[in-house]
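Dear colleague,

I am passing on the structure we spoke about, and below it you will find my notes on what came out of it. Please read them with the model open beside you.

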There are 2 protein chains.
Amino acid sequence: MAIAVPALPFTFVVHALAVIGAVFVLVWVLHFRGGIAWEATNKSLIFNLHPVLMLIGLIIIGGEAIISYKALIWRKEVKKLIHLVLHAIALILGCIGIYAAFKYHNESSIANLYSLHSWLGISVIVLYGIQWIYGFLLFFYPGGTDALRSASLPWHVLFGLFVYVLAVATAAIGFLEKLTFLESSGLAKYGSEALLVNFTAVLTIIYGAFVILSVSSQAPAEDDYSYSAIE
Amino acid sequence: MAIAVPALPFTFVVHALAVIGAVFVLVWVLHFRGGIAWEATNKSLIFNLHPVLMLIGLIIIGGEAIISYKALIWRKEVKKLIHLVLHAIALILGCIGIYAAFKYHNESSIANLYSLHSWLGISVIVLYGIQWIYGFLLFFYPGGTDALRSASLPWHVLFGLFVYVLAVATAAIGFLEKLTFLESSGLAKYGSEALLVNFTAVLTIIYGAFVILSVSSQAPAEDDYSYSAIE
């Protein structure tokens, strides 16, 4: 049940929220949490890679990948290429981000995979990978039959959005989990860092909502740009 | 982009998961957490009302309300009445559940409304209430014009599902938050209670996914039941 309004304005909101979200998470880890590092004696700097890569990679670039059919006004083939390349980047950054969390745990002797956040995160990255491979094989190369493609497309959209919403929820859960650890170690519950982290999580959810809203509304006509350039 | 499969089998999964979810949360609070109470010297018993009422009320009954058009085979008017009554029950139980959380905080001198879970929870209950009132006025009594109804319906569905998904995510965040508090007070990270709470959260998410899947697939024909009774 698509809504009968153009998607383009919603996609502008997505781009704007993407920039704000990236700034928020960078301010958090660089200003409040001491920065990021791949190797460090202060193991927290390794952890800090995790929220940055997951938010900017999996959520923000993944969201831009999802809306590429609604945000761009080029030919479908070009949009498809952008869709799959952005999703590949999101997936790779997501994998590195998850690896950083394990690396931090292992070098700090913290238990792995006991929390809901970790369970959901592993599920998301596996499902995201399956969705990408299946989409690549069916819609790009070698490509399924027309009948199989048209039968699969609604499932591709529905399953893709499910995985994405789960990714957004997992991110929100992660922000809450990290903040709860910090607050139990003495961070002020109403302090500026706590507010920043909560606002980043809220912004992540609103970002996800505008991604879904973009997908649920009307795509711009193909080649709108070249068309208006002729007129 | 609805998927071309009948919704009815998905709705059976929703009912089954509803029962399992209700059992899980009751086992948690009654067996592991010492039970529930409205007035008690052990304030934790007041808190325990919160997950029970939110999961069984807002999430489970709310989910059943959402799928009523797909799960039932009666006339549309009957389904609409069931839809709005179940949502009213979900909303009332949700409000009592949120009140129980504040009551526990206030009687235990715990700060209110600092966490992401609380922020999202308040947003959900307010949006849920607005959605219910707007739906009642527009689609039930006094009812809008036909043009307004048909223009509003896709937004009603989209906004309703957004609020519901946000409610499911907030519930998952709540399970993680409570478990993180318990684990920082010494609860075993891989113990049976921790696994039960995590599985309840995962089940809540799968329940939400099957609610969405039911809504995204094909409704049974109206009056299927009476029709087949005639044949």
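**Cavities, pocket and interface**

The largest share of the lining of the largest cavity, four residues, is supplied by helix 7 (residues 146–184) of chain B, where helices (H or I, at least four residues) and strands (E, at least two) are DSSP runs, numbered from the N terminus. This is a predicted model, in which local features need pLDDT of at least 70 and side-chain atom pairs count only at pLDDT 80 or more, while totals for chains, interfaces and linings use all residues. Residues are numbered from 1 along each chain as its sequence is written, chains are lettered from A and ligands numbered from 1 in the order in which they are written, and side-chain values use heavy atoms, with hydrogens and water left out.

The largest cavity has a volume of about 50 Å³, and the residues that line it are A:Tyr114, A:Ser115, A:Leu116, A:Glu177, B:Leu176, B:Leu179, B:Thr180, B:Glu183 and B:Asn198. On a 1 Å grid over the protein atoms alone, a cavity is a set of points where a 1.4 Å probe fits but cannot get out, a pocket is an open set with protein on both sides within 12 Å along at least five of seven lines, and lining residues have an atom within 4 Å of a point. Grid points are joined across faces, edges and corners, and a volume is the space filled by probe spheres set on the points. Over the whole structure, the search finds four cavities of 30 Å³ or more.

The second largest pocket has a volume of about 860 Å³, and among its 39 lining residues B:Phe47, B:His50, B:His105, B:His117 and B:Glu177 lie nearest its centre. Two or more lining residues come from each of helix 7 of chain A and, in chain B, helix 3 (49–66), helix 5 (76–107), helix 6 (116–140) and helix 7. Helix 7 of chain B gives the largest share of this lining, 10 residues. By class, the lining of this pocket has 22 nonpolar, 13 polar and four charged residues; here Ala, Val, Leu, Ile, Met, Phe, Trp, Tyr, Cys and Pro count as nonpolar, Asp, Glu, Lys and Arg as charged, and the others, Gly among them, as polar.

Turning to the interface, 41 residues of chain A are in contact (heavy atoms within 4.5 Å) with 41 residues of chain B. The area buried between the two chains is about 3500 Å², of which carbon and sulfur atoms give 83%; buried area is the accessible area (1.4 Å probe) that two parts lose on being put together, summed over both. Across this interface the rule finds zero salt bridges, a salt bridge being a side-chain nitrogen of Lys or Arg within 4 Å of a carboxyl oxygen of Asp or Glu. Helix 6 (116–140), helix 7 (146–184) and helix 8 (192–216) of chain A each supply at least two residues of the side that touches chain B, and helix 7 gives the largest share, 16 residues. That side of chain A divides into 32 nonpolar, six polar and three charged residues.

Over all chains, the count comes to 10 salt bridges. In one of them A:Lys43 pairs with A:Glu107, the closest N and O atoms being 2.9 Å apart. A:Lys43 lies in the loop between helix 1 (8–32) and helix 2 (44–47) of chain A and A:Glu107 in helix 5 (residues 76–107), so the pair ties together parts that are 64 residues apart in sequence.

Lastly, some backbone details. The peptide bond from A:Tyr141 to A:Pro142 is cis, with omega near 0 degrees, and A:Pro142 sits in the loop between helix 6 and helix 7 of chain A.

With best wishes
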